[in-house]
Structure formats: C-alpha cells, structure tokens
Amino acid sequence: LGPAEPDQRGLDALGVVLAAGMSLPLLARRRNPVIVFLVVMASLAAVAALRYPPDVTLGPGVALFTLAREAGRQVPARLAWGLAVGCFAGVAVALASAYDDFVSPEVGFIALVWLAIWFAGRGSRLKQEHISSLEDRAERAEREAERERELAAAEERTRIARDLHDSAGHAINVILVEAGAARLLRERDPDRAEQALETIEEVAREQIGEIDRLVHALRADEAEDRAIEDCELPGDTPKG
C-alpha cells in the first residue's frame with residue numbers, strides 16, 4: 001500500500017492483513033491457482049472498497065498471469081475465464097462504490113491491463129508447450145536413431161555370421177574332397193597326393209585369415225557399441 005491521500009484510509013492493522021492477502025498466497029500459486037487467485041482478488045477488492053491507497057499491485061497481476069497460464073491445464077478454460085471476468089467486475093464495483101469520481105475510462109484502462117496480463121499468461125503457456133513438444137520430438141528422434149543403429153549393427157552381425165558360415169562350409173568341403181583324394185592317391189600317385197595336401201594347407205590358411213577378418217569386424221562393431229553407450233550415460237552433462 002502507498003501513502004494515503006486526504007480522502008483515503010491510512011495504513012492500519014487491517015490494511016497490513018489485506019496487503020499480505022494480495023502477496024503471501026502467491027507462494028502456493030502453482031499448486032492452487034484458483035484458490036490463490038480468489039484470495040488475492042478478494043483482498044484487492046477489499047482494499048478498493050475500504051479506500052486503502054493501493055501502490056503497485058503486482059500480487060493480483062501475478063495471480064491473474066498464473067491463472068491464465070494454467071487455463072486448460074490445471075484449471076478448465078471456461079472456469080478461468082469466468083473467474084477473471086467475475087473478479088474484474090467485483091474490483092470495478094468496489095472501486096466505483098468507494099470513489100465517486102471513478103469513471104469509465106479508468107475501468108477501460110484496468111480492463112486493458114487485465115487483458116494484457118491474461119494474454120501474456122496464455123503466451124507463456126503456449127511457449128512452454130512448444131518447448132516441451134520440441135524436447136519430446138528430439139527425444140523420439142534420438143530413440144529412433146538408436147533403434148536404427150541397433151538394427152544396422154544386428155544386420156551387420158547377421159551378414160558377417162552368414163559370410164563366415166558360407167566361407168567355412170566351402171573350405172570344409174574343399175578340405176574333405178582334397179583329403180579324400182590324397183588318401184586314395186597316396187600310393188598310386190604320390191605327386192597328386194602331395195598336391196592335394198598342399199591344397200588343403202592353402203585352403204586352411206585362407207580360411208583362418210577369413211575367420212580372423214570377420215572376427216575383427218565383429219569386435220570392432222562391439223567396441224563401437226560400447227563407445228556409444230559410454231557417451232550416453234545418465235551422468236553426462238547435456239549440451240545446450
């Protein structure tokens with residue numbers, strides 16, 4: 001409350017209580033926006049009706065802003081609009097009854113201030129919802145990217161396993177054929193038997209090299225997966 005004019009009421013105990021009623025309830029505005037709004041606006045109407053000198057009434061503005069922001073979320077939109085209009089009418093009636101020179105331009109100015117606060121609250125909510133939507137979209141995109149990485153890694157492992165199976169199967173078949181030929185020809189044609197053994201040795205060496213290459217590729221994929229998991233630990237500080 002500000003300093004009293006000659007036609008206004010000076011600050012007393014009741015004025016202190018009403019001033020507290022326009023400010024202290026704001027501590028619970030996020031949990032109970034409707035109750036806080038009603039208490040603050042009732043205190044404002046009482047201050048106006050009893051001719052206390054109001055100063056900068058930030059409390060009612062914050063309560064109206066919070067109600068507008070929660071309209072359609074914690075508070076039904078129609079109820080929020082009804083409360084705002086009803087409390088505005090109550091404050092206007094209190095001012096008109098307390099001051100004989102209270103005229104319609106002043107009511108219109110107060111109405112414009114209330115509308116500005118209301119739309120500021122609505123804009124704050126829309127901005128918050130937009131930011132939440134962007135965050136959800138980013139999280140979904142990250143999950144989709146992670147699924148695609150996992151799917152690509154699984155497909156690559158499947159391909160490597162299939163290549164290993166085909167290569168090993170072919171090498172074993174060649175070794176079986178050459179080993180059988182070497183066994184049959186070891187007495188009749190030692191040279192061809194020796195050639196078959198050399199072929200077995202060559203195929204075995206090639207197959208060992210192929211197995212080493214495929215196993216190295218699998219280990220490289222596993223190391224990359226572990227590196228990605230380490231970078232996505234919950235304790236990491238997010239960027240931005």
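These legends go with a set of close-up views of a predicted model.

**View 1**
The protein has six helices and zero strands, so reading from the N terminus you simply get α-α-α-α-α-α. Of its 240 residues, 25% are buried. Take the contacts with a separation of 6 or more, and 71% of them join residues 24 or more positions apart.

In soluble globular proteins, nonpolar side chains tend to be buried together. Here, the largest nonpolar core holds 30 residues. Which of them touch the most other members? Those are F37, M41, L64, L67 and W118. At least two residues of this core come from each of α2 (33–49), α3 (58–70), α4 (77–98) and α5 (104–185).

**View 1. A closer look at L67 and its contacts.**
Set aside the neighbours within four places in sequence, and L67 is still in contact with V34, F37, V75, A80, L83, A84 and W118. Two of those partners, F37 and W118, are themselves listed with L67 among the core residues that touch the most other members.

**View 2. Helices α2 and α3, side by side.**
Two packed helices are described by the angle between their axes and the distance between the axes. For α2 and α3, the axes come within 9 Å and cross at roughly 150°. That angle is over the 145 degree cut-off, so α2 counts as roughly antiparallel to α3. The crossing of α2 past α3 is left-handed. On the α2 side, the residues that meet α3 are P33, V34, F37, V40, M41 and L44. Their counterparts in α3 are G59, P60, A63, L64, T66, L67 and E70.

**View 3. Helices α2 and α4, the other pairing.**
Are α2 and α4 roughly parallel or roughly antiparallel to each other? Their axes come within 8 Å and cross at roughly 10°, and because that angle is under 35 degrees, the two helices are roughly parallel. In this case α2 makes a right-handed crossing past α4. From α2, the contact takes in V34, F37, L38, M41, L44, A45, A48 and A49. From α4 come L83, A84, C87, V91, A94, L95 and A98.

A98 sits in helix α4 and is buried, with a relative accessible area of 7%. Beyond residues up to four places away in sequence, A98 touches A48, A49 and R51. L50 is 48 residues from A98 in sequence, yet the two C-alpha atoms are 6.9 Å apart in space. R51, one of the residues A98 touches, is found in the loop between α2 and α3. Check the backbone there: R51 has a positive phi of about 65° although this residue is not a glycine. At a relative accessible area of 24%, R51 counts as partly exposed.

**View 4. S43, a buried serine in α2.**
Is S43 buried or exposed? With 8% relative accessibility, S43 counts as buried, because that value is under the 20% cut-off. This serine has its place in helix α2. Its side chain reaches the backbone oxygen of V39 at 3.0 Å. Leaving out residues up to four places away in sequence, S43 touches L18, G21 and M22.

**View 5. R125, a buried arginine in α5.**
R125 lies in helix α5 and, despite being an arginine, is buried, with a relative accessible area of 11%. What does its side chain make a polar contact with? The partner is the side chain of E129, at 2.6 Å. Not counting residues up to four places away in sequence, R125 touches R69, A71, G72 and R73.

How values were computed
Residues are numbered from 1 along each chain as its sequence is written. This is a predicted model: local features need pLDDT of at least 70, side-chain atom pairs count only at pLDDT 80 or more; totals for chains, interfaces and linings use all residues. Side-chain values use heavy atoms; hydrogens and water are left out. A nonpolar core is a set of buried Ala, Val, Leu, Ile, Met, Phe, Trp, Tyr and Cys residues joined through side-chain atoms within 4.5 Å. Buried means under 20% relative accessible area, exposed over 50%, partly exposed in between (1.4 Å probe, protein chains only). Helices (H or I, at least four residues) and strands (E, at least two) are DSSP runs, numbered from the N terminus. Contact means heavy atoms within 4.5 Å. A polar contact is a pair of N or O atoms within 3.5 Å; within protein, one must be able to donate a hydrogen and the other to accept it, and residues adjacent in sequence count only if both atoms are side-chain atoms. Axes are lines fitted to C-alpha atoms, for helices over the stretch in contact, and angles run from 0 to 180 degrees between N-to-C directions. Angles under 35 degrees count as roughly parallel, over 145 as roughly antiparallel, 65 to 115 as roughly perpendicular and the rest as oblique. A crossing is left-handed if the near helix is turned anticlockwise from the far one by less than a right angle, and right-handed if clockwise.
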